[in-house]
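Trainee: Before we discuss this model, could you put the sequence and structure up?

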Amino acid sequence: MSTLRLLSSAARRAPSALAQQRRGYAEVADKISLSLVLPHQAIFTSTDVVQVNLAAATGDMGILANHVPSIEALRPGLIEVVESGNASKKWFASGGFATVHPGNKLTINVVEAAPLESFSSEAIRANLQEALKVAAGNGSEEDKMEARIEADVYEALQHALGSK
């Protein structure tokens, strides 16, 4: 039998096989096992939580139990962990990756993260203004690009603090 016929035969069988594995929505009782790790610290280690909200590179997203397995690049932004009873904890992360594994497991790897309440709005505002001044100044292209990246992070921090 030719390869084309085998593929065609497999394609006809695929919909019925996929229908048996149809994914439903997360039930309130469903939990996702979260591991949130930095190179020097584990914030959560296989902890059951209700929901995790992320600043993915493709847009903000929420992860619940029974989420489709995926890998998401994270931009600098907020990671919110919703625990039982709707209590939530928020961190600002520098960026990294989130991997949704089969079996309701979520691993988030970031270089740096800090509790959102540890940031000062005034310091962020002042540092953002300084970074924007350097980015628009007469310095080297390297200095301007570094300042632009710094400004992007401060802007993301301002946004995260607004959703405190």
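This is a predicted model: local features need pLDDT of at least 70, side-chain atom pairs count only at pLDDT 80 or more; totals for chains, interfaces and linings use all residues.

Mentor: Residues are numbered from 1 along each chain as its sequence is written, and side-chain values use heavy atoms, with hydrogens and water left out.

Trainee: What pattern does the chain follow along the sequence?

Mentor: Helices (H or I, at least four residues) and strands (E, at least two) are DSSP runs, numbered from the N terminus. The chain has three helices and 10 strands. Read in order, the pattern is α-β-β-β-β-β-β-β-β-β-β-α-α.

Trainee: What percentage of the residues in the chain is buried?

Mentor: A residue is buried under 20% relative accessible area, exposed over 50% and partly exposed in between, with a 1.4 Å probe and protein chains only. Of the 164 residues in the chain, the buried share is 30%.

Trainee: Which element gives the largest share of the lining of the largest cavity?

Mentor: On a 1 Å grid over the protein atoms alone, a cavity is a set of points where a 1.4 Å probe fits but cannot get out, a pocket is an open set with protein on both sides within 12 Å along at least five of seven lines, and lining residues have an atom within 4 Å of a point. The largest cavity has a volume of about 40 Å³, where a volume is the space filled by probe spheres set on the points, and points are joined across faces, edges and corners. Residues that line this cavity include Leu-54, Arg-75, Ile-79 and Val-110. The largest share, three residues, comes from S6.

Trainee: Which element gives the most to the lining of the largest pocket?

Mentor: The largest pocket has a volume of about 310 Å³. Of the 17 residues that line this pocket, the closest to its centre are Ala-55, Arg-75, Pro-76, Gly-77 and Leu-78. S3, S4, S6 and helix H3 (141-162) each supply at least two lining residues. The most, six residues, comes from H3.

Trainee: In which strand is Ser-46 placed?

Mentor: Ser-46 has a positive phi of about 50° although it is not a glycine. The place of Ser-46 is in strand S2.

Trainee: What is the relative accessible area of Asn-104?

Mentor: Asn-104 is found in the loop between S8 and S9. Its phi is near 60°, a positive value in a residue other than glycine. Asn-104 is partly exposed, with a relative accessible area of 23%.
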